Amino acid sequence: MTKYHVTGMSCAACQQHVEKAVRKVVGVKNVNVSLLTNSMNVDGDASPDAIMKAVERAGYGARPFGAAAKNDASAGSATGAIAAEEDMLADKTTPKMIRRLVSSIIVLLILMYFSMGVSMWGWPMIAALKNPISLGIIEMLLSVIVMFINRNFFINGFRGLFHGSANMDTLVALGSAASFGYSLVALFIEINAAWAMDMDTAMDISMKYIYFETAAMITTLITIGKTLESYSKGRTTDALKGLVKLAPKTATVERDGVDTEVSIDDVQIGDIIVVKPGDSIPVDGFITEGQTAVDESALTGESVPVDKTVDDAVKAATTSTSGFIKVRATRVGTDTTLSQIIRMVSDASATKAPIARIADKVAGVFVPAVMLIALATLFGWLIAGAVFASAFTRAVSVLVISCPCALGLATPVAIMVGNGMGAKAGILFKTAASLEQAGHIETVVLDKTGTITNGTPVVTDIIPGSVDENTLITLAASLESKSEHPLAVAVNTYAGDHNISLKETDDFKALPGNGLTATIDGNVITGGKKDYIETIINGDISDIEEKADGLAEKGKTPLYFASGDKLLGVIAVADTMKEESPEAIKQLHNMGIKVVMLTGDNERTAKAIGDAAGVDEIVAGVLPDGKAAEIKRLRKSGKVAMVGDGINDALALTLADTGIAIGAGTDVAIDAADIVLEKSRLTDVPAAIRLSRQTIKNIHENLFWAFFYNVICIPLAIGLYQALFGWHFEMRPAVGALAMAFSSVTVCLNALRLNLFKVYNTKHDKPLRGHERLPEVGKAEIVSSSESEVNDMTKTITIKGMMCEHCEMTVKKALEALDGVDSATVSHEKGTAVVNLSSDVPDDEMKKAVEDHDYEVLKIA
């Protein structure tokens, strides 16, 4: 995908024209244009020259992203990429607009002094200039100056009109030019009347039919709105700008025993980076020497510094707050976590949410429709008997009050702010579609290990038998030190954390299916499961056994240890639940979302964890390749989100309506997901859904305002309310221009309100309509994996070559035309088609249906 910077766009219609022009270029598979960032993403093998020429033919300008960076040669490097990003995000428009606005207002005030002050209110003026002719010529010259200052409206507007791509500037240019032209004709008539010595007629024309101040006021008022809009749009990218500014420019590298400051582009994987207290860490890596507290708030939003020591991982753009450390670089330049976050947020902001299609369709026909309405208004009022001046004023008002800009900005400004808010909280949405879809989730599927639980077994309980607790741990850890089993690691970790010294072992043996045995201090020490240990010991162990069975009921694994025929005791090990898991699931419940837990554990262990966490449904005994089948089953009941972190979660993440990857998970899982949680904290799942819902609400408000404004104001400018209800109100073009100016500003300001939204505030959580009733917490339903797969008539086809919504519809129609196919849900972003079958359909038949349309089927599962 290639990124371009687009110039000359002013409204949603411009965005549509650019997209339409580029889509016609041979080799272009998909194109997305963002009015907010003035950027364009093009997918395909078309040459940049062909794409730029197509944009230019449409009346706009384009250049490859990063071409304006100061050092083009470094475009592929870290600093080059950052410079390019900074160049795209730099607010170059607002300073220019402010200069334009100040100049326009100064000249307009002088014009108003003559047109209103002198002509109407008798303000002082030298006698030679007090006659109507002189005043008219002065007003004309001053209005020409204002129009020249704002000439971009006329250049862009008429160029768009001549290219068949009329836009907002066209409406402004036509309205202002019409007012100026009408006034100019009136001035010539006035001069002719004065030449004929008919001063009464000349004065009457001057007072009633000259609108030079209107022509100037239209462009000035629109410039006020465009300046405020430009400033507001600049604010929506503040979060992304903040991320870009975090990118380090230099690093101190240890080479040949000497600390040398180098450009970040010169840092290589394996280099040792020296980081002093207060310094920003320039690369991703791990600590080789020293310890410190690292402030990670820039990346994760977590305000409390995290203690780090040797072998702990650190990330670029975080700050070492206290200690001196050395870091071995593992990711540098554009591969660092920060660079990936910047790229992800930037790319997501350049994509379109499905909800934006409504506004895009309307914007495509809006300007031509308004021009026709203006003409109809003019002739309609003339036919109705109105004087030309009144009909003309109404027609001009229609042109200048109509605002396609608000329609075009309604969705992207909210998406940009929402993405930025997510990035600040460590919640990364890969596309605008994923930001929108998250708000519609009805079921969240959680993988138990590493998602609900910490993913690492730890010692939770110790029950001493014939020895004290310290002796039990010493002997057990000494025995387990020879094993690499995760439960053995848990026991040894506990001993290490409590500074317990281990003893030498001899004759170590693994007893397959039973446990371990070794000789320690001349005694045979055995460890293993209950059934085996009971065969080698004497004596009553019912008391200890009862306690151990109670721990097993809670999902813990009791490890029995014996010395000869005496029971030393029991050590319980478990993969403990994350502290925030019950709270996260409770928040999901409050939002009306069903929570399902997947686990490969047996039903008893699964029930213990599931009930403690508060999930609604538990699917136990799921094999790694069975997760996809569970997602297919659950999708039949509504929108499903899958939360996972491992390689075996990748397919399930892809099949779910929304895939959510824990940031500490594997790269495969992160690549397959739609949303990435940087902090690996489960409460970020409801936070992401909460932010999505608020963003969708904001978009709905913006769209409502954009449509409501035009639906109410255009009839008002036409005079329709006068015709229907007898309301005698004739809108002046200047009033229409003022309303238009502030309509798009209102949309931008409303989107900026999202910056005040608190993503972790649960106060306003509520279920989606129709999802108010939920199972009682602690009464989770157990579903075995084998039961859930019965009668599964769903197949997933992995397809290569789909690039856009058109491709989706083509594949969908091809599959649904087959007998036995009930429906097909196709996603070009995921490269999949999920097919629901009413009867068995051969894979070859489905493959042929897809490949007949020039797509490649990679797999059917």
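Which residue in the turn of the S18 and S19 hairpin has a positive phi? I looked, and Asp521 does, at about 55°. That hairpin leaves two residues between its strands.

**Ground rules.** I am reading a predicted model, where local features need pLDDT of at least 70, side-chain atom pairs count only at pLDDT 80 or more, and totals for chains, interfaces and linings use all residues. Residues are numbered from 1 along each chain as its sequence is written, and side-chain values use heavy atoms, with hydrogens and water left out.

Entry 1: I took helices (H or I, at least four residues) and strands (E, at least two) as DSSP runs, numbered from the N terminus. Strands pair if DSSP finds at least two bridges between them. Strand S18 covers residues 515-520 and strand S19 covers residues 523-528. They pair in the antiparallel sense over six bridges. I found Ile520 opposite Asn523 in S19. Next I followed S19 to strand S20 (residues 557-563). These two run antiparallel and are joined by four bridges. Here Gly527 stands opposite Phe561 in S20.

Entry 2: Is strand S3 (residues 39-44) mostly covered or mostly uncovered? I noted it as mostly covered, with five of its six residues buried. Buried means under 20% relative accessible area, exposed means over 50%, and partly exposed lies in between (1.4 Å probe, protein chains only). S3 pairs with strand S1 (residues 2-7) in the antiparallel sense over four bridges. His5 has Ser39 in S3 as its bridge partner. S3 also pairs with strand S2 (residues 28-34), antiparallel, over six bridges. There I saw Val31 bridged to Val42 in S3. The hairpin of S2 and S3 has four residues between the strands, and Asn38 takes a positive phi near 50°.

**Entry 3: H19 against H20.** Two packed helices are described by the angle between their axes and the distance between the axes. Axes are lines fitted to C-alpha atoms, for helices over the stretch in contact, and angles run from 0 to 180 degrees between N-to-C directions. Helix H19 (residues 469-480) and helix H20 (residues 486-497) pack at about 130°, with axes 9 Å apart. H19 and H20 are therefore oblique to each other. For contact I used heavy atoms within 4.5 Å. From H19, residues including Ile473 and Ala476 meet H20 residues, among them Val491 and Tyr494. The contact residues divide into seven nonpolar, one polar and two charged. Ala, Val, Leu, Ile, Met, Phe, Trp, Tyr, Cys and Pro count as nonpolar, Asp, Glu, Lys and Arg as charged, and the others, Gly among them, as polar.

I then checked Thr474, which lies in H19. Thr474 is buried, with a relative accessible area of 10%. Neighbours within four places in sequence aside, Thr474 is in contact with Ile500, Ser501, Leu502 and Lys503.

**Entry 4: H28 against H30.** How are helix H28 (residues 684-718) and helix H30 (residues 733-752) packed? I noted an angle of about 170° and axes 9 Å apart. That makes H28 roughly antiparallel to H30. Their contact residues divide into six nonpolar, six polar and one charged.

**Entry 5: Ala247.** I found Ala247 in the loop between helix H10 (238-246) and strand S5 (250-255). Ala247 counts as buried because its relative accessibility is 9%. Thr318 is 71 residues apart from Ala247 along the chain, and their C-alpha atoms are separated by 9.9 Å.

Note on methods. Angles under 35 degrees count as roughly parallel, over 145 as roughly antiparallel, 65 to 115 as roughly perpendicular and the rest as oblique.
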